[in-house]
Amino acid sequence: MFQNGERHPEAMLSVLLRIVEKTPGGGANRQDLIDAYGREKDNFPSEKSIQRMVRRLNEFFDPGSR
């Protein structure tokens, strides 16, 4: 079964790029991630969608983080 971010790779990539872009200045906040997702999907995600996407990104970069 696909997780939310896996069906929308452009949105996941946009969120990841926003995180990377904001990291030197203190990190991306929740609204930054919602805006990045919304820019690719033309709608805004729920809080749970953002949480799932961040969790999935963490799994990509730190497989033992589960």
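A nonpolar core, as I use the term, is a set of buried Ala, Val, Leu, Ile, Met, Phe, Trp, Tyr and Cys residues joined through side-chain atoms within 4.5 Å; buried means under 20% relative accessible area with a 1.4 Å probe, protein chains only.

Ground rules first. This is a predicted model, where local features need pLDDT of at least 70 and side-chain atom pairs count only at pLDDT 80 or more, while totals for chains, interfaces and linings use all residues. Residues are numbered from 1 along each chain as its sequence is written, and side-chain values use heavy atoms, with hydrogens and water left out.

**Entry 1: the fold.** Of the 66 residues in the chain, 30% are buried.

**Entry 2: the core.** I looked up the largest nonpolar core and got 10 residues: A11, M12, V15, L33, I34, A36, Y37, I50, M53 and L57. Helix 2 gives the most, with four.

**Entry 3: helix 1 against helix 3.** Their axes (lines fitted to C-alpha atoms over the stretch in contact) come within 11 Å and cross at roughly 75 degrees. So helix 1 is roughly perpendicular to helix 3 (65 to 115 degrees). A11, M12, V15, L16 and I19 of helix 1 meet M53, R56, L57, F60 and F61 of helix 3 (contact: heavy atoms within 4.5 Å).

**Entry 4: one residue.** I picked L57, which touches M12, V15, L16 and I19, leaving aside residues up to four places away in sequence.

Technical notes: Buried means under 20% relative accessible area, exposed over 50%, partly exposed in between (1.4 Å probe, protein chains only). Helices (H or I, at least four residues) and strands (E, at least two) are DSSP runs, numbered from the N terminus. Axes are lines fitted to C-alpha atoms, for helices over the stretch in contact, and angles run from 0 to 180 degrees between N-to-C directions. Angles under 35 degrees count as roughly parallel, over 145 as roughly antiparallel, 65 to 115 as roughly perpendicular and the rest as oblique.
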